[in-house]
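Work through the exercises below with the model open. Try each task before reading its solution.

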Amino acid sequence: MPEITKSYESRDIEKKWYAAWLEAKCFAGRVDAAREPYSIAIPPPNVTGVLTMGHVLNNTIQDILIRRARLEGKSALWLPGTDHAGIATQTVVERELRKQKQTRHDYGREKFVEKVWAWRQEKGGIILEQLRRLGASCDWDRTAFTMDPAYSQRVIAVFVELFNRGYIYRGKRMVNWCPGTQTALSDEEVIMKPVNGLIYRVRYELTNAPGNFIEVKTTRPETIPGDVAIAVHPDDPRYTALIGQTVRRPIGPAAEMPIVADSAVDKEFGSGALKITPAHDKTDYEIGLRHRLPVIDVLNPNGSLNELAGPELAGMDRFAARKKAAEMLKANGALVAEEPYSNNVGYSERADVPIEPRLTEQWWLRYPKIEEAKAAVRDGHIKFYPERWSKVYLHWLENIQDWCISRQLWWGHRIPVWYRKGANRSEPQNWHVSVNGPADPQDWEQEDDVLDTWASSWLWPFATLGWPDAEEMKRAGFNYFYPTTTLVTGPDIIFFWVARMIMAGLELVPNGSAEAGNRIGSKPTQGATGALESLSGIRHSVSEIAPAASGPLTAKQIEARIPFRNVYFTGIIRDQQGRKMSKSLGNSPDPLDLIDAYGADGLRFGIISIAPQGQDIRFQEDRIESGKNFCNKLWNASRFRQMSGEAGDNSSLGAVMARIDPPKFDSDDHAILERLLATTRDVDRCLAEFEFSAAVQALYGFFWNDFCDWYVEVSKAKLQAADTKANCLAIQDLVLRQALLLLHPFIPFITEELWQLLGYAKPGAFIEDSRAEGGDELAKSYASRGLALDHEQIATVQNLKAFVSQARALKAEHNLASRRDVKFSVITSDRDWSILSANAAKANRLAGAAELVRRESVEGAPAAVTALGTLYLDLASTVDVGAEKIRLTKELEALTKHVAGTEARLANQAFVSKAPPAVLEGARKQLADQQAKRAELERLLKSLG
RNA sequence: GGACCUUUAGCUCAGUUGGUUAGAGCGUUUCGUUGACAUCGAAAAGGUCACUGGUUCGAGUCCAGUAAGGUCCA
């Protein structure tokens, strides 16, 4: 057995084990009917992405779940991949082109897309390499990409199918237009930001009453050339007489515009009159429709003004034009005033510029299975952790709007619609919609637009498992791994991704064997087998593998179709000031630097320990450091074990247990095994409830405080005695074994290394080839060895710990902390003296005492009252009586307060009659203990004079 | 405007169904190179649990309201 070195060096060990795991194909997700499946589909990072602290947290949690599942004997699959991230990726490549003063238009669509692929080939997906450094145990052979040919075909097939089912339509509507990237966006991609700007009061002159005006307020004077009317509320008495009259447009091409009455106008806002610019405002557009007003679009796609805005404004950027328009209004007397104004403006999520409402033809999706999607979460088929996010989810579904799925980009899945050449594109009879295109391509032109990225990633959990190709599904183990067990993601993409995946699953997943019945340990049922076989050879036929449901789905169908059973929402990682970590702020540490400094295990342990469920996380590097320190502690405790004696048979739990000898147990043995069992149960529960940081804290406290600070320390005395040594080593082996198994999902590298070094591994096997026994199994194992934990002995350990602590405090109080030759005496009962003398060797060692003697009386020595008697520090020199009195008086005062409180509680008739007996009993015992201690303190003080 | 979250030690946070003297890590002070670990050990100081009211024998915990900070949706 190689010797364990003095300190833990993570670097080489991480490299070594990751390579070994890959070599042995430990991460492969295998269909195994004898095992329960556990599957996770990774939230695919952008192909342009690099590892951030958010990814570290998110993927560490997924790895914990997956590795724990393996240790529980499940067959685990963690399916990795990346997202082509339409806008983000196209922007990155365009930025590179711009450095050479080029645009994508210099290349044309085909060549530009080639460039993007080349970029992806060279630089994309770095993040997957980085995840390996973190220890992520993904099944890399299954790595998917949303632009892979197979995946792309699936995306296209879904478009065709949903079109055929009537969910997709083309329509001219107001969309969120991003002038930066020059594409339409979905509502979800628009971020509302408060903006401080100006609001302009502008007057419009009445055509047939010169010198009379109607006033409006607007933040966008540059759109006045697009005005087509003034609207007032029909019930607004101020304007009743004016309805039907006309006004002159104050700037831009001259025009007379009607004053119309519409109840959508807010009487309270400004003067109660509204300028109507149907091309540039959603409400205006709707009012325009009602009054059959023309639409005058004065903006170019890039946000500059066009010739319809008039010669003075044409060609100017919208913000420059705003100033210019204000000047023009001022010049011709139409500007009444400009006032500071704060309002919410929609910004493009990606380009971070204000979006423009713009009337364009786009492709829209009416969401399928909305009601079932609500039911899936409301009725608990899918569980959200923390539960409260389900409210946000349900609220969004209640108010759901159709999804604009077309994007005016080149990088993405090109929409599979062809228009008959020269024909009107707005008329469906001129469309061809199919996966492979028309048979006579020369007569058709394909739609230029691509799909929203999310319209591909919403298929992720099933499209990565071969769906809808029957053969591929069989190969990928679709029926075994779907629905996936858990999704781990951020709450910021509930709408973008989580909700949409649920609806996609409900609409598109076949009624496979899962729906028919039990998947585990039995062959697929007749029906399912038949379905798969009859479909073999059919490629991408969504309608055959997942026919449209004829009516609302039943609960059973929902259960089978949902893409995941649990959703764990992580918090957002913030810096010390509480700001979101972002590239532009430069406040995000590079996780790879942290791995270099603290090890992947240290980073994982640290980040998990500061990430409570459901709360945002304040990043602190010192917690990562403490993760590293914990690894070092684990390392050194193992080293101590190795140095303490020969290795025994550690090949299994049974083998270790067989070396444990209950008749030789002392109170410390009982106590540590009780804590081991309690910690195991604690971790079991925490992991079942996704309480990762609580699990880590339980393990930290157990290992550091209970095991290292106490058990290992008392071992030093026990290991000297021949009759206790073997049992003590066996107990250490048991504790270390269980600790490594419980810790492995959190800190996989060091636990694997120690598992091997301490001889727990079978030849050629890894730690994850073993089972992590749960609390119940561990308890059974205790029982099978005839071990019954003795709670009286366990309580004794508590008293001994306090006793040692008091002794140390007395020493420190008198500047003797470093001395190991101090003598103590104790006044105590026969019973407590027997405990003390039985544990004298350990206690003296821990307290740094030369000896502990029992006396009938002691005079003038510093003392402390403990549960095992009154402890005295023997001092050769005279005691500082004054200081000693002050110390004891302070303690007495505090205690007296507590006694009074407890007495008052017990004197309260209502308490005595209503409190449960256990509480009452506890209070009485507490009072008795406190009173005894108080009496002893009073006696001590009296003896000091 | 609607919804949600947070407020506990100097800092970051635990505190499960109400029940001993409210805990941890870091930081601070003092002491310590005792043959696992200075990436360590020991001791100590430090909290009217944001505020007000209510329910209760009993509230950090439950309820109502207020204040401050944050998030999402309009």
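**Exercise 1.** Which residues of the largest nonpolar core touch the most other members?

*Solution.* Start with the ground rules. This is a predicted model, in which local features need pLDDT of at least 70, side-chain atom pairs count only at pLDDT 80 or more, and totals for chains, interfaces and linings use all residues. Residues are numbered from 1 along each chain as its sequence is written, chains are lettered from A and ligands numbered from 1 in the order in which they are written, and side-chain values use heavy atoms, without hydrogens and water.

Next, the term. A nonpolar core joins buried Ala, Val, Leu, Ile, Met, Phe, Trp, Tyr and Cys residues through side-chain atoms within 4.5 Å; buried means under 20% relative accessible area (1.4 Å probe, protein chains only).

The largest core has 205 residues, and Y393, L459, I502, I607, L673, F703 and F707 touch the most other members. A second, separate core of 38 residues includes Y200 and L329.

**Exercise 2.** Which residues come nearest to RNA strand B?

*Solution.* Collect residues with a heavy atom within 4 Å of the strand. There are 47, and N632, N636, W704, F911 and K914 come nearest. Then sort by element: α21 gives the largest share, 11 residues.

Note on methods: Buried means under 20% relative accessible area, exposed over 50%, partly exposed in between (1.4 Å probe, protein chains only). Helices (H or I, at least four residues) and strands (E, at least two) are DSSP runs, numbered from the N terminus.
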